[in-house]
Amino acid sequence: MANIPSYIRRKHGQEPVTYLHPLLEPVLKDTYGVMVYQEDIMTVAQAVAGYTLAEADVLCYAIRKKIKDRLLAQREKFVAGARRNGVHPKIVDQIFEQFEPFARYGFNRAHAACYGLIAYYTAYLKAHYPAEYMTAVLTSDAGDTEKVAQAVAECHRMDIRILPPDVNTSAASFTVEGEAIRFGLAAVRNVGPGAVESMIAARSSAGPFTGLADFCARVDTRQVNQRVVASLVKAGALDSLGTARAQMLQTLDETMENAQRAQRVRAQGQTGLFDMGAEAISQPAAPAGDEFSREELLTMEKEMLGLYISDHPLHRWQPILAQRVTAQLGQLVDLPDRKEVVVGGLVGGVKRTITRSGSAMAFLTLEDLTGSVEVVVFPRVYEQQGYALKRDAVVLLRGRVDIEEQTAKLLCEEILSLPPSPDAAADGAAVGEMLSPATQVRKANRSGEWDKGNGNGGRPAARGADRGRANGIPAGSGGTPGSAEHVLARGSDTARPPLRIRVSTREEMEQLERFLLDHPGDRQVCVHVVTGHGAEHIVPARTRVLDAEGLHQELEQLFGEGNVWEE
C-alpha cells in the first residue's frame with residue numbers, strides 16, 4: 001500500500017518510470033516499476049535471485065508474518081542468488097528494502113480486483129442513492145458506536161438529516177424516511193429485541209400511539225417494562241406523542257402501574273361490563289413544571305443512544321474551532337506517527353493519576369463530530385493548565401499523534417485558549433489567536449469590551465484565590481486506566497504551578513507585559529482578564545517570569561492585593 005501514491009503519479013506521467021535494475025523491467029512493467037501486489041515480491045525474487053515459485057511463496061510468507069529468523073535466512077538466500085545474477089550488492093539491498101512495506105499491509109491481485117470492483121459499486125451507490133447507502137453503512141456498523149458516530153458525521157457532511165428514534169415510525173434498525181435516515185428502536189439503550197417486536201406489533205395492529213397511557217396500555221409490559229419506557233423517553237423516541245419528556249418521566253410510575261394492572265386483569269379473564277380495553281387507562285394529570293434544559297436533553301440523548309442526534313454541543317462552537325483545528329479526531333489514525341496537530345472537542349471522562357515521582361497527570365477522552373480519542377496530559381501541562389479539563393468542557397489542544405497498532409492517541413503538549421462560550425466569541429469578548437496578552441487586550445478594547453468607569457479605577461473589587469477557585473481554576477480529579485509510568489516514558493517534565501494575575505484594564509495588561517519582558521525566567525504566568533461585562537478569560541502568557549524572592553509582593557503592589565495568587 002505504501003507504493004500506491006508513486007504508482008498513481010507514474011501512471012499519470014507526474015513521475016518518471018524507473019527500474020532499480022534491468023532485470024526488473026519485464027516483471028514490473030505493468031505497475032510502472034513499483035511493487036504493488038504481493039505477487040510482485042514473488043516475480044521479483046524469481047527474476048533477480050532465481051527463486052522458484054515455491055521458494056518465492058516462502059519469502060512472501062516470511063515478510064507478511066514478520067518472522068525474524070526466517071526473514072534473515074531469506075535475505076541471505078536472496079543476496080546470494082542476486083549475486084550469482086550479477087546484481088550489485090547496493091542494488092540488492094535497495095530491492096530487499098522495498099519488500100519491507102508489505103509486512104505492514106499489502107494485497108494480492110485477486111483481493112485488489114475484488115476490492116476495486118466493490119469500491120466502484122459503493123461509490124456509485126453513494127453518489128446516486130446517498131440516503132439508502134448511508135442507511136446500509138449505519139446498519140452494518142450498528143454495534144460499533146465509534147463507527148456509527150463517524151457515519152453520522154459523514155451524513156451531516158452530505159446534508160442527510162439524521163432523525164432520532166420514534167415509536168410511531170422507527171423499525172428495529174436504521175431506515176430511510178424520505179431523504180432522511182431514521183434511527184431504529186434497537187439503538188436505544190436497555191431496549192431489547194422482545195421490546196422492539198412488541199412495540200412494532202402493537203403499532204401495526206392498531207395504528208400509531210396517541211399518548212403515553214395509550215402506549216403503555218398497548219405494548220406488552222412484560223417486555224416493555226418501566227426501565228425500557230424511561231429509556232425511550234430520554235432518547236426522544238416518545239416526543240411525537242406531544243408531551244414534554246420531563247412530564248412523561250414524572251407520570252411514568254403511575255401510568256405503568258395502571259397499564260400493568262389492566263393487562264393482568266385482561267390476562268385473567270376478569271373483564272367487566274364497562275371494560276373499554278386500552279382506552280380505559282387514563283393518562284395521569286401532568287404536574288406543572290418546565291421541560292428539561294437543552295443541555296439536559298442532549299445529555300440524556302447521548303446516554304441512551306451513545307451519541308448526539310438532534311443536536312451536538314459542538315455545533316455552536318464549530319465556527320470558532322474551524323479556524324484553528326488542523327485535524328478531525330476521526331482522521332488521526334490516518335496521520336503519520338508523531339505528527340503535530342491542533343484538535344478541538346468535548347471532554348469526556350477525566351482520570352487523574354499520580355506518577356512515581358509524585359507528579360499529577362491525566363488521561364481523558366476527547367470527542368468531536370467525527371469520533372473520539374484518548375488524550376494523555378503529562379505533568380507539566382496538567383499542573384499548569386489542568387483546570388480547563390472538566391467533563392463536558394470544550395477545549396482546544398495542541399499535541400502529537402501517537403499511532404500504535406492502528407489506534408491513535410494524542411500526547412497533549414498545550415491547552416490553547418478558547419472563549420468561555422460561543423456567545424462571548426460572537427460578542428467580541430473571545431481571546432482569539434494566542435497573541436501576547438497586551439495584544440489581546442488591545443483587540444478587546446477596540447471591540448468595546450473594556451470598561452474603565454466601574455467605580456474602582458477599572459479594577460473589580462479585589463478577589464483572592466477563593467474567588468479564583470469559584471471560577472473553575474482548580475485542577476480536575478479522578479482515577480486512571482493503564483500505567484502512567486509507561487506513558488511518561490514518551491517524555492515530559494514537571495514544573496511549579498503557574499502564577500496567576502488578574503487584570504481589568506488595557507493599561508494594567510500593558511504594564512504586566514512590560515514587567516514580564518523586564519523579568520524573564522522559567523515561571524509560567526496565567527493572566528485572568530476581566531472585561532467590562534464581568535466575564536473572566538484566562539490567557540496563558542507567552543513570556544515567563546523570573547521566580548525571584550519578593551515577586552508575589554511586587555506584583556501585588558502593581559495590581560492590588562488578592563489579584564496575584566497561585567494554586
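Tutor: We will need one term at once: buried is under 20% relative accessible area, exposed is over 50%, and partly exposed is in between (1.4 Å probe, protein chains only). This is a predicted model, where local features need pLDDT of at least 70, side-chain atom pairs count only at pLDDT 80 or more, and totals for chains, interfaces and linings use all residues. Residues are numbered from 1 along each chain as its sequence is written, and side-chain values use heavy atoms, with hydrogens and water left out.

Student: Which residues of H6 are buried?

Tutor: Ile-91, Val-92, Ile-95 and Phe-96. Helices (H or I, at least four residues) and strands (E, at least two) are DSSP runs, numbered from the N terminus.

Student: Where do they sit around the axis of H6?

Tutor: On the same side of H6, because they cover an arc of only 135° around the axis. The arc is taken from the directions from the helix axis to the C-beta atoms. H3, H4 and H5 are among what covers these buried residues.

Student: Change of topic. How many aromatic pairs are there?

Tutor: The whole structure has 8 aromatic pairs. Rings of Phe, Tyr and Trp (its six-membered ring) pair if their centres lie within 6.5 Å; planes under 30 degrees apart are stacked, over 60 edge-to-face, and the rest tilted. The ring centres of Tyr-51 and Phe-78 are 6.3 Å apart with planes at 55°, so this pair is tilted. Tyr-51 is in the loop between helix H3 (38-49) and helix H4 (53-65), and Phe-78 is in helix H5 (residues 68-84), so the pair ties together parts 27 residues apart in sequence.

Student: Are those two buried or exposed?

Tutor: Tyr-51 and Phe-78 are both buried. Phe-78 also pairs with Phe-99: their ring centres are 5.5 Å apart and their planes at 80°, so that pair is edge-to-face. Phe-99 lies in the loop between helix H6 (89-97) and helix H7 (109-128), 21 residues from Phe-78, and Phe-99 is buried as well.

Student: Which residues do ring pairs link into a cluster?

Tutor: Tyr-51, Phe-78, Phe-96 and Phe-99.

Student: Which residues does Thr-135 touch?

Tutor: Leaving out residues up to four places away in sequence, Thr-135 touches Phe-174, Thr-175, Val-176 and Ile-181, where contact means heavy atoms within 4.5 Å. Thr-135 lies in helix H8 and is buried, with a relative accessible area of 7%.

Student: And Leu-297, where is its place?

Tutor: In helix H14. Its C-alpha atom is 8.5 Å from that of Gly-236, 61 residues apart along the chain. Beyond residues up to four places away in sequence, Leu-297 touches Arg-245, Glu-291 and Phe-292.

Student: Last one: what is Met-199 in contact with?

Tutor: Apart from neighbours within four places in sequence, Met-199 is in contact with Val-167, Leu-185, Val-191, Phe-209, Phe-215, Val-219, Val-224 and Leu-232.
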